[in-house]
Amino acid sequence: MSDATLSLIIVGVAVVLFIWNRLPVEVVAIGVALLLYFTGLIDTRTLFGGFGDAVIVFIASLFVVSEGLEASGVTAWVSQILARLSGRTYPRVLVTVLGLGAVISAVITVNGAAAALVPVTVAVARHGRLSPSKVLIPLAFGCSAGALLTLGGSPVNVLIYDASRDSGESGFGYFEFALVGVPLVLVTIAVAVLFGRRLLPVRESTTLPNDFGDYLPRIVEHWGLDRLLFRLTVEEGATAAGMAAHDVVGNDGPAVVAIQTRGGSTADGGHRLAVGDVIVVEGDEPAVTAFAAHAGCSVENVASRWHGKLIDRDAGLAELVIPPRSNWLGEKVFPGFAWNGLTVVSVHRMNADVGTRIVELAQGDTVLVHGPWPAIERLSGSGVLIVDSTEDVRRQTVALDRSAPRALAVLAVMVGLLVSGVVPPAVAALLAALAMVALRVVQPQQVYRAIPWQTIILIGALIPLSTAITTSGAADEIAAPIVDLVRDRSPYLLLAVLFVITAVLGQFISNVATVLVVIPIAVAAATESGISVQATLMLVALAGAASLLTPIATPANMIVLNPGGYRFGDYWPLGIVTMAAWFAVAMVVIPVCWPLR
């Protein structure tokens, strides 16, 4: 059995196992790589070389950059803008997301666009009450189409440009690809709008954070934050200093909830107030403000529906649960109670508000607190359970953190490097990832959490398969006889066959490897048939981007796999329709823009 035949058999086994979906995709990918090694199709260097490939570094670095944009609030800010533009209808969401994905893909490559836009797309989908699985595959397809808007949109385009120059042609201009790229993007959007709802499944991802898009309205509704509570702090020289608390308030003052001493303990109405002591009161704001001015106290609004910003870049809310054996059991608290920089806003017991009174915390009590984000984060491990991840809440509810200018500056420099081509894409992305950490936009532990290790393992383990198909001659054995068959016939038939060959190969090996295999065959066939080499190469570029049927076809497809909760067979229903539309675009647009003879 020849090496070419053996490699094709292994490809078939891999596809069957992926479709079977009973084994983790990482196990299948690593198993295939090991099988290639033990059958002698690849050596040790090739077996492990995939994990050191530039595309692995590029994708991992882009996820770190994406993490920085998300942690700094840029993602939430962009999501809010897109949510306003896209509304809540499925077609508008698709048009907005795919249009943005195509444009960004043309600037920072398809993989970069997919990695950067996944969190934005998920947020926009949730805002529109849509399942992310209905939007993420179209995002990947839109990014693939957008890669054909500029010369730098994809490594494939650069290969096509070099092949054109090597064959004696003039190459392609930076925006010349847009002649076919713009119709391709429009057709991709149209197909997604017309068929996406019917052909895409509803899946639940286990890797996505909870949706906190309407976090604050839900908190206000659940906790009933409509009472007006104020903390009155006794200032230096106040008339209230030295007086008993009940004498300061009297019968005409606001209702007293509790008194907290400067040391943090609670006191009764007979306590003589000292500087720094706090009286927590309930009442109308004008009356409380007037009383505080008379008593010489400063006023702090605890929380209400009309309180300016309960959640912003500096402070937020957290829901706490008192678990068994907690060192909080028996602690006296009340709405307005303050400790360690946090203020208790409300206390619930048995799912009911305990009101404005002092209570001793018991197992199962829930407490809503407000305060600086660092103070909330310090609650971890303090004997209480925090209901929602502080990090996820802040990221989805706070737009443009203080680190946002640094994150945007890093993004701008990375895009500039990618567009200019001063350094390879992987180097540009790696520099940006390093800058995100060095400028303290993200912490090292966030970097490790941000990298999608399943995707990295899958791509790294499948790169040897692509290499084996190329080096074993399997791709040549498939392509050469077909091209020989149509060489002297209609130029449209040659374009059609080249499209099918390139598209089919591209579903199982990287589009870069596919195009490298097809380019010499296509150029030779075009030259011998008297067909325009420019038109033929542009056809190969378009077909090389049409890797739409499987998650392993492109890194962009793989990037949306886990966030969408997809299975291996979820891609081809919409992918085959989109591919047919792309084929129509190729057959109509390419001969018009680049005459065949």
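Predicted model: local features only at pLDDT ≥ 70, side-chain atom pairs only at ≥ 80, totals over all residues.

Visitor: Which strand pairs with β9 over five bridges?
Guide: That is strand β12 (residues 366–372), and the pairing is antiparallel. Within this pair, V344 stands opposite V369 of β12.

Visitor: What about β8 and β9, how do they pair?
Guide: Strand β8 (residues 338–339) pairs with β9 in the antiparallel sense, over two bridges. W339 has L342 in β9 as its bridge partner. The hairpin of β8 and β9 has two residues between the strands, and N340 takes a positive phi near 50°.

Visitor: Is β9 mostly covered or mostly open?
Guide: β9 is mostly covered, with seven of its eight residues buried.

Visitor: Where is H348 placed?
Guide: H348 is in strand β9, which spans residues 342–349.

Visitor: Why is H348 classed as buried?
Guide: The relative accessible area of H348 is 5%, and buried means under 20%, so H348 falls in the buried class.

Visitor: Which residues is H348 in contact with, leaving aside its neighbours within four places in sequence?
Guide: H348 is in contact with H222, W223, D353, V354, D365 and T366.

Visitor: Let us change topic. How is the chain divided into domains?
Guide: The domain assignment gives domain 1 (72–199), domain 2 (229–302) and domain 3 (315–386).

Visitor: How far apart are the centres of domain 2 and domain 3?
Guide: The centres, taken over C-alpha atoms, are separated by 22 Å.

Visitor: How many residues are in contact between those two domains?
Guide: Eleven residues of domain 2 are in contact with twelve residues of domain 3.

Visitor: And how much area do they bury between them?
Guide: Domain 2 and domain 3 bury about 930 Å² between them, and 66% of this is on carbon and sulfur atoms. On the domain 2 side, V257, T266 and V302 lose the most area to domain 3, together accounting for 44% of what that side buries.

Visitor: T266 has come up there. Which strand is it in, and what stands opposite?
Guide: T266 is in β3, and Q260 stands opposite it. β2 and β3 pair in the antiparallel sense over two bridges. Their hairpin has five residues between the strands, and G264 takes a positive phi near 105°.

Visitor: In what order do the strands of that open sheet run?
Guide: The five strands are arranged in the order β3-β2-β4-β1-β5, with antiparallel pairing. β3 (266–267) and β5 (297–301) stand at the edges with a single partner strand each, so one side of each is left without a neighbour in the sheet.

Visitor: What packs on the sheet?
Guide: Helix α13 (residues 285–295) packs on it, touching β1, β4 and β5. The direction of α13 makes about 5° with that of β1.

Visitor: Now β4: what does it pair with?
Guide: Strand β1 (residues 229–234) and strand β4 (residues 278–282) pair in the antiparallel sense over five bridges. Strand β2 (residues 255–260) and β4 also pair in the antiparallel sense over five bridges. V281 in β4 stands opposite F230 and opposite V256.

Visitor: Moving to helix α4, how many residues has it, and what is its reach?
Guide: Helix α4 (residues 54–71) has 18 residues and reaches 26 Å from its first C-alpha to its last, close to the 26 Å expected at 1.5 Å a residue. α4 is mostly covered, 15 of its 18 residues being buried. The helix is followed by G73, whose phi is positive, near 90°.

Visitor: Finally, the chain as a whole: how many helices and strands are there?
Guide: The chain has 26 helices and 13 strands. Its C-alpha trace spans about 105 × 50 × 45 Å along the principal axes. Of the 597 residues in the chain, 54% are buried. Among contacts with a separation of 6 or more, 79% come from residues 24 or more positions apart.

Technical notes
Residues numbered from 1 in each chain as written. Heavy atoms only, no water. Pairing = 2+ DSSP bridges. Helix = DSSP H or I, 4+ residues; strand = E, 2+ residues; numbered from the N terminus. Contact = heavy atoms within 4.5 Å. Axes fitted to C-alpha atoms, helices over the stretch in contact; angles between N-to-C directions. Expected span 1.5 Å × (residues − 1). Buried < 20%, exposed > 50% of the residue type's maximum accessible area, 1.4 Å probe, protein only. Domains from an automatic or database assignment. Buried area = accessible area lost by both parts, 1.4 Å probe.
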